[in-house]
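Here is a short report to read alongside the sequence and the coordinates. Please take a look at the model, and then we can walk through how its chains meet.

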Amino acid sequence: MTDVAETCVQENPVERYLRMDRIPHIWCPGCGIGTTVNCFARAIEQADVDLEKLAIVSGIGCTGRVAGYLNFDSFHTTHGRAIPFATGLKLANPDLKVVVYSGDGDLVAIGGNHFIHAARRNADLTVICVNNFNYAMTGGQAAPTTPLDAMGTTAPYGVCERPFNLPFLAKSCGAVYVARWTTYHVRQITKAMVEAMNKDGFSFVEIISPCPTLYERRNRLGSGLDRMKWFKENSVIKNGSDTRNIDIAYQQPIICGKFVDIDRPSLLEVTEAKIGDIRGKQRWADVSRRQKKSIEQTE
Amino acid sequence: MAKESATSVSSEEKSAGAPKKARGQVYILQERCKGCGYCVEFCPLGVLVMSSRFNAKGYHYPEVAHAEKCSGCDLCGMYCPDFSIHGARRPTKE
Amino acid sequence: MAGYDSGSIVGAHYLDGDHAASEGAIAAGCNFVAGYPITPSTEVVERLAWRFPITGGTFIQMEDEIASSIAIQGAVWGGAKAMTVSSGPGISLMMEHIGLAAMTEVPCVFVNVQRGGPSTGLPTLPAQADMMQARWGSHGDYEVIALAPSSPQECFDLLIHAFNLSEQYRVPVLFMMDESIGHMTERVVIPPSKQIKLVPRRFTKLGPGEYLPYRAGDDLVPEMTQAGVGHKVHITGLTHDEQGYPVMNADCQHQLVTRLVDKIRNNVDKIAFYHEDEIEGADVVVVTYGITSRVSMRAIRAARQEGLKVGHLRLVVVWPFIEEYIRSLAGKVKALVVPEINLGQMVLEVERCARGQCEVVLVSHAGGTVHNPQVIYDAIMEAGR
Ligand code: SF4
Ligand code: SF4
């Protein structure tokens with residue numbers, strides 16, 4: 001590393017947020033996950049976030065490794081369960097800014113139940129989902145996000161199921177911020193991450209990413225670079241689009257943009273209001289006389 | 001970990017004397033590069049080309065072809081999945 | 001660091017085991033509970049949902065037991081003392097996260113109000129058939145601590161002890177109640193909080209850069225931290241080194257897993273805790289735990305009246321198992337009689353440790369109710385003959 005220090009005049013701005021003792025990372029050449037990490041590193045500088053209080057929670061999978069590379073309090077949990085872990089972390093310590101950073105299979109297949117409920121209860125979390133259309137860590141199996149007709153190792157004749165439209169899912173469950181971009185849109189991703197982290201409640205950013213090793217290769221879509229060029233040519237930016245109309249179809253244009261940015265009291269806000277009320281006024285209302293006496297005794 | 005022999009190609013070194021007014025500068029750690037080509041493709045000003053040489057891992061890495069054009073926009077840094085390149089604005093003193 | 005708000009009720013109360021466990025949690029300083037309704041454990045979370053706002057804790061009803069069992073671990077890293085509560089099917093869903101808590105060394109408590117199984121089984125009726133699951137339910141090699149209360153009073157007292165053990169050893173503790181204890185209402189005396197001894201979290205005093213989340217001292221238990229205090233820890237369920245970073249090789253696996261196991265096995269004498277009654281000179285010793293201890297007492301008394309020398313060994317901490325103790329006991333008695341509401345679980349441990357030195361008699365019951373003391377009596381008499 002001394003060579004780097006001597007010859008590299010200026011440190012890469014992402015490095016101060018990375019566990020440099022763990023770099024180089026395990027991601028393949030042309031994998032989009034690293035690109036999203038660059039965006040995240042820039043976003044946390046711009047967002048209203050106390051970096052000392054930032055916690056990253058990932059599940060399992062290629063994107064699940066993000067937690068292990070970011071130099072914050074970072075938790076690499078079990079498959080699909082990053083969101084409930086993050087919910088507990090945030091509720092126990094509301095001063096923290098908790099970001100869930102994981103992949104599509106982790107967040108919306110095995111973790112789908114937690115995803116919809118966290119959105120429903122408007123848990124104070126930012127969820128970043130890198131969607132590469134397949135289970136990559138295990139070798140390219142079809143996922144609930146793989147477009148109809150695309151190939152996966154478990155769909156050798158093409159997928160027979162309709163995939164999730166994640167922004168629609170998030171919105172209908174109650175997310176207060178929803179955006180979708182591809183890894184081609186680095187500036188927009190950064191902005192979306194900033195906006196998402198500045199929201200109270202459940203904010204969601206989907207990032208469509210190449211997985212050249214598995215998804216692109218199996219579907220003969222070329223290299224990561226080919227895919228990025230395809231994103232560039234086939235992304236249609238429609239901010240404010242009705243999320244019902246932004247399904248992803250195999251090799252059809254991808255509609256990107258910010259779709260939801262609303263305000264709704266978050267889980268913490270509602271809880272604080274209710275519990276504050278109980279602690280204040282109704283403190284004794286439900287407590288029997290005898291219990292009241294014993295509580296007073298202890299205080 | 002393999003020894004990281006990094007090259008930071010400052011614009012001056014690469015194209016001697018030419019770009020006094022280049023607004024930015026690009027830094028490359030060629031040993032960390034995995035040759036995806038994103039930086040070369042998406043540099044809006046065509047500063048970079050892929051080298052015909054290989055790094056220790058066997059990947060082609062980017063080289064600066066037109067240092068004078070670099071604006072320091074850092075798009076290469078935003079794209080690079082391997083944290084091996086970034087751009088910075090040069091101080092505009094005097 | 002998080003302060004533990006007390007606010008327990010004190011004095012004598014008429015409580016069932018579920019409610020007593022809730023109060024035990026509050027008295028233990030527990031301030032985060034995530035749960036999901038399931039019979040016969042629901043009353044624990046119902047009471048906490050009502051009580052926590054008053055005592056300064058947070059209760060959240062999650063979407064399932066999987067979520068509950070990991071939300072509590074997030075909460076622990078947020079600085080809370082945390083617990084979840086469930087029964088058979090729910091506990092089965094939590095197994096992966098008991099493994100996570102063991103692997104990442106998260107102090108927390110899993111309450112299992114046991115009901116008849118397998119599958120949906122007997123939701124409203126008792127069993128003790130999750131004893132082996134408690135020990136072996138998650139994959140891989142690991143150790144946990146498990147306690148078995150036998151009365152509502154113990155649901156209170158021992159739950160505090162369960163929290164203390166989890167903090168002392170940074171280990172998940174399973175609290176093995178059963179439906180009959182959970183729904184049995186008795187006098188429960190709650191001492192003032194000053195008289196309750198709590199083991200505080202072993203927070204590190206080391207600063208960022210010095211602290212390694214999995215570097216353990218002589219007792220093999222590393223010190224804790226929490227998110228947001230500057231340590232920037234990385235916590236993973238992958239095999240990890242002292243820094244918490246994943247290392248995929250046999251050496252690291254050996255070091256980590258043997259430490260996780262040894263920190264409990266080397267301390268069995270300190271952790272394990274049991275009640276002895278007339279063991280000295282006994283011909284037959286009845287080995288019991290949980291509700292079955294109380295049922296057995298009737299049979300034991302009757303057998304003693306017949307002139308038989310019967311001892312009673314009641315396991316309070318069931319895991320880790322008191323291997324040495326049983327081995328030496330087996331050398332001194334004619335028989336060990338093990339009644340349990342399952343078709344033979346802890347009896348396997350007793351048998352293993354007895355090493356053929358004495359007869360080991362199982363008095364099994366498939367669940368749905370407690371034993372009739374008569375069958376235990378008959379087994380004692382038969383063994384003592
Ligand atoms: S398998 Fe796919 S998603 Fe995983 S690192 Fe490689 S390119 Fe990225
Ligand atoms: S983007 Fe990075 S990894 Fe890709 S060619 Fe450029 S420097 Fe190499």
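Which residue in β10(C) is the bridge partner of Ser74(A)? The partner is His234(C). This bridge belongs to a pairing between strands of two chains: β2 of chain A, residues 73-76, is joined to β10(C) by three bridges, and the two strands run parallel. Do keep in mind as you read on that this is a predicted model.

## Which chains meet

Two pairs of chains are in contact, and of these it is chains A and C that share the most contacts. Chains B and C, on the other hand, do not touch, with 14 Å between their nearest C-alpha atoms.

## The interface of chains A and C

On the chain C side, 51 residues are in contact with 44 residues of chain A. The size of an interface is often given as the accessible area lost when the parts come together. For chain C and chain A, the buried area is about 3,900 Å², and carbon and sulfur atoms give 58% of that. Three residues of chain C lose the most area to chain A, namely Ile54(C), Glu63(C) and Lys232(C); together they account for 17% of what that side buries.

Glu63(C) turns up again in a salt bridge, where its side chain meets that of Arg121(A) at 2.9 Å, N to O. The count of salt bridges between chain C and chain A is one. Polar contacts between these chains come to 21 residue pairs, with both residues at pLDDT 80 or more.

## What chain C brings to the contact

Several elements of chain C each supply at least two residues of the side that touches chain A: the strands β1 (11-16), β3 (58-61) and β10 (234-236), along with the helices α2 (42-55), α3 (65-77) and α4 (88-104). Among these, α3(C) gives the most, with eight residues. Sorted by residue type, the side of chain C that touches chain A has 25 nonpolar, 20 polar and six charged residues.

## Aromatic pairs

Across all chains, a search of the whole structure finds 15 aromatic pairs. One of them is formed by Phe115(A) and Phe202(A), an edge-to-face pair with 5.6 Å centre to centre and 85° between the planes. This pair links distant parts of the chain, as its residues are 87 apart. Phe115(A) sits in helix α6 (residues 112-120) of chain A, while Phe202(A) lies in the loop between α8 (186-198) and β6 (203-208) of chain A.

Methods
Residues are numbered from 1 along each chain as its sequence is written. Chains are lettered from A and ligands numbered from 1 in the order in which they are written. This is a predicted model: local features need pLDDT of at least 70, side-chain atom pairs count only at pLDDT 80 or more; totals for chains, interfaces and linings use all residues. Side-chain values use heavy atoms; hydrogens and water are left out. Contact means heavy atoms within 4.5 Å. Buried area is the accessible area (1.4 Å probe) that two parts lose on being put together, summed over both. A salt bridge is a side-chain nitrogen of Lys or Arg within 4 Å of a carboxyl oxygen of Asp or Glu. A polar contact is a pair of N or O atoms within 3.5 Å; within protein, one must be able to donate a hydrogen and the other to accept it, and residues adjacent in sequence count only if both atoms are side-chain atoms. Helices (H or I, at least four residues) and strands (E, at least two) are DSSP runs, numbered from the N terminus. Ala, Val, Leu, Ile, Met, Phe, Trp, Tyr, Cys and Pro count as nonpolar, Asp, Glu, Lys and Arg as charged, and the others, Gly among them, as polar. Two strands pair if DSSP finds at least two bridges between them. Rings of Phe, Tyr and Trp (its six-membered ring) pair if their centres lie within 6.5 Å; planes under 30 degrees apart count as stacked, over 60 as edge-to-face and the rest as tilted.
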